[in-house]
Amino acid sequence: NAGYRTYSDLNEWPVSYHGTSLPGAQGIISTHYIPGSGQAYGRGVYSTPDVKVADSGYAKTFVSKKNRKTYKVCLQNRINQRVRQVCARPEYWLVPIPAGTPAESEKHIVLGAIRPYSLLLKEA
């Protein structure tokens with residue numbers, strides 16, 4: 001074994017991706033995720049284990065003020081697999097947050113479940 005593993009441990013937080021806009025990414029990074037308006041599989045924070053899903057369906061474009069190129073935006077996260085739910089379409093993962101949850105409790109749930117750690121930009 002060259003130091004590579006082919007399995008996950010229940011305590012590990014696998015990678016997930018969240019396509020968004022540049023202002024959306026800035027808001028998430030400066031505070032935390034909040035449930036969006038899309039609630040196909042329930043209320044909460046959605047992400048995907050497949051960067052192509054985040055890129056093609058959800059990443060928004062912006063034009064760089066520096067080089068005038070157009071980019072798409074995704075956040076790369078680690079997600080607590082003890083909290084996240086795999087949806088009926090397994091390419092969607094949900095951190096469930098019930099309606100009516102107080103804001104401080106929502107923040108606590110999110111911070112214990114999904115953590116962005118990289119801003120991904122792709123030339124569009």
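Trainee: Which strand gives the most to the lining of the largest pocket?

Mentor: This is a predicted model, in which local features need pLDDT of at least 70 and side-chain atom pairs count only at pLDDT 80 or more, while totals for chains, interfaces and linings use all residues. Residues are numbered from 1 along each chain as its sequence is written, and side-chain values use heavy atoms, with hydrogens and water left out. Strand 1 (15-20), helix 1 (22-30), strand 2 (44-47) and helix 2 (51-57) each supply at least two residues of the lining of the largest pocket, where helices (H or I, at least four residues) and strands (E, at least two) are DSSP runs numbered from the N terminus. With four residues, the element that gives the most to this lining is strand 2.

Trainee: How many residues line the largest pocket?

Mentor: A pocket is an open set of points on a 1 Å grid over the protein atoms alone, where a 1.4 Å probe fits and protein lies on both sides within 12 Å along at least five of seven lines; a lining residue has an atom within 4 Å of a point. His18, Gly19, Gly38, Tyr46 and Tyr58 are the lining residues that lie nearest the centre of the largest pocket. The whole lining of the largest pocket comes to 25 residues.

Trainee: In the open sheet of three strands, what is the strand order?

Mentor: Two strands pair if DSSP finds at least two bridges between them. Strand 2 and strand 6 (residues 93-96) are joined in the antiparallel sense by four bridges, and strand 5 pairs with strand 6, again antiparallel, over two bridges. The edge strands, each pairing on one side only, are strand 2 and strand 5 (85-86). The order of this open sheet, with its antiparallel pairing, is therefore 2-6-5.

Trainee: Is Ser47 buried or exposed?

Mentor: Contact means heavy atoms within 4.5 Å, and, residues up to four places away in sequence not being counted, Ser47 touches Ser16, Tyr17, Asn77, Ile79, Glu91, Tyr92, Trp93 and Ile114. Accessibility is classed as buried under 20% relative accessible area, exposed over 50% and partly exposed in between, with a 1.4 Å probe and protein chains only. Because its relative accessible area is 4%, Ser47 counts as buried.

Trainee: How many residues lie between strand 5 and strand 6 in their hairpin?

Mentor: These two strands pair in the antiparallel sense. Strand 5 and strand 6 form a hairpin, and the number of residues between them is six.

Trainee: In strand 4, which residue is the bridge partner of His18?

Mentor: Strand 1 is mostly covered, since five of its six residues are buried. Strand 1 runs antiparallel to strand 4, and six bridges join the two. Within strand 4, the bridge partner of His18 is Leu75.

Trainee: Is Arg68 buried or exposed?

Mentor: Arg68 is found in the loop between strand 3 (61-63) and strand 4 (70-79). Although Arg68 is not a glycine, it has a positive phi of about 65°. Because its relative accessible area is 59%, Arg68 counts as exposed.
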